[in-house]
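Please read it alongside the sequence and the model.

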Amino acid sequence: MISSDQQQLQKQRVAEAALAWVSPDHVLGVGTGSTVNCFIDALGASGIRIEAAVSSSEATTKRLQSHGIHVRELNLAGTLDVYIDGADEFDAYRRLIKGGGGALTREKIIAGASRKFICIVDESKKVGVLGKFPVPIEVIPMARSYIARQLVVMGGQPELREGFITDNGNLILDVHNMDLVDPVATEKKINNLPGVVTCGLFAIRSADIVLMATASGVQEILGIGNQAI
Ligand code: 5RP
């Protein structure tokens with residue numbers, strides 16, 4: 001267990017390390033969350049003037065613009081070279097749970113539209129098997145109860161994220177105790193339920209590289225077989 005001060009320091013360190021993946025000719029995909037906020041601030045302070053960013057949330061758009069970074073719509077940007085985002089959990093195969101900040105749908109779209117997805121995390125996010133963190137699922141409001149019942153049948157315990165509306169005008173169900181031994185299969189199964197916009201499992205399109213900050217520096221994790229994890 002790391003202290004919140006240590007965690008904040010690690011977020012800043014990994015955010016700075018991610019700058020090595022950014023070049024001025026990039027239209028860069030940018031995720032959402034406190035680690036990404038450190039990245040946006042580091043990018044703003046770095047003097048690297050990227051062509052534009054594609055943003056995964058209203059909050060990220062505001063922060064990018066506060067640093068004078070131009071935000072472009074994904075539809076006008078084509079395939080992105082690099083997407084930088086955080087995660088709530090990652091495993092040795094760089095599969096993720098995301099959506100703690102509720103921006104999972106736009107994040108998944110941008111991850112899918114990017115050649116390279118670089119996930120930036122502190123060491124508290126590393127797990128053996130995904131699932132300690134509840135799986136966020138964005139749902140169309142009228143389907144909320146139906147989907148919750150289906151999730152119970154699948155063995156999960158869904159909980160409505162009270163008072164939260166996504167940037168797309170939908171609701172979030174946070175699902176506890178899902179069996180995630182095969183996260184690709186579970187991601188497909190959840191995404192197939194009518195009324196699900198998407199779930200926060202990023203197993204089909206996992207990260208290409210996880211940059212993980214530790215007390216002794218930032219590790220680049222390319223996955224089992226490439227790096228020890
Ligand atoms: C937002 C996300 C974030 O990447 C995730 O919640 C991690 O956030 P933080 O960097 O604040 O720990 O998926 O939807």
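Leu74 is found in the loop that runs between helix 3 (58-66) and strand 3 (80-85), where helices (H or I, at least four residues) and strands (E, at least two) are DSSP runs numbered from the N terminus. This is a predicted model, in which local features need pLDDT of at least 70 and side-chain atom pairs count only at pLDDT 80 or more, while totals for chains, interfaces and linings use all residues. Residues are numbered from 1 along each chain as its sequence is written, and side-chain values use heavy atoms, with hydrogens and water left out.

**Accessibility and contacts**

- Leu74 counts as partly exposed because its relative accessibility is 25%, given that buried means under 20% relative accessible area, exposed over 50%, and partly exposed in between (1.4 Å probe, protein chains only).
- The C-alpha atoms of Leu74 and Val27 are separated by 9.7 Å, and the two residues are 47 residues apart along the chain.
- Glu187 has its place in helix 6 (residues 183-191), and with a relative accessible area of 3% Glu187 is buried.
- The side chains of Glu187 and Lys108 are joined by a polar contact of 2.8 Å, a polar contact being a pair of N or O atoms within 3.5 Å; within protein, one must be able to donate a hydrogen and the other to accept it, and residues adjacent in sequence count only if both atoms are side-chain atoms.

**Backbone with positive phi**

- Most residues other than glycine have a negative phi.
- Arg94, in the loop between strand 4 (89-90) and strand 5 (96-97), has a positive phi near 65°, and Arg94 is buried, with a relative accessible area of 16%.
- Asn177, in the loop between strand 9 (171-176) and helix 6, has a positive phi near 60°, and Asn177 is exposed, with a relative accessible area of 51%.

**Ligand site**

- The ligand is surrounded by 17 residues, the closest being Ser34, Thr35, Asp88, Gly99 and Lys125, where a residue is near a molecule if one of its heavy atoms lies within 4 Å of it.
- An oxygen atom of the ligand lies 2.6 Å from an N or O atom in the side chain of Thr35, and a polar side-chain atom of Lys125 lies 2.7 Å from an oxygen atom of the ligand.
- A polar backbone atom of Gly102 is 3.5 Å from an oxygen atom of the ligand.
- Taken alone, the ligand exposes 380 Å², of which the protein buries 91%, with accessible areas coming from the Shrake-Rupley method with a 1.4 Å probe.
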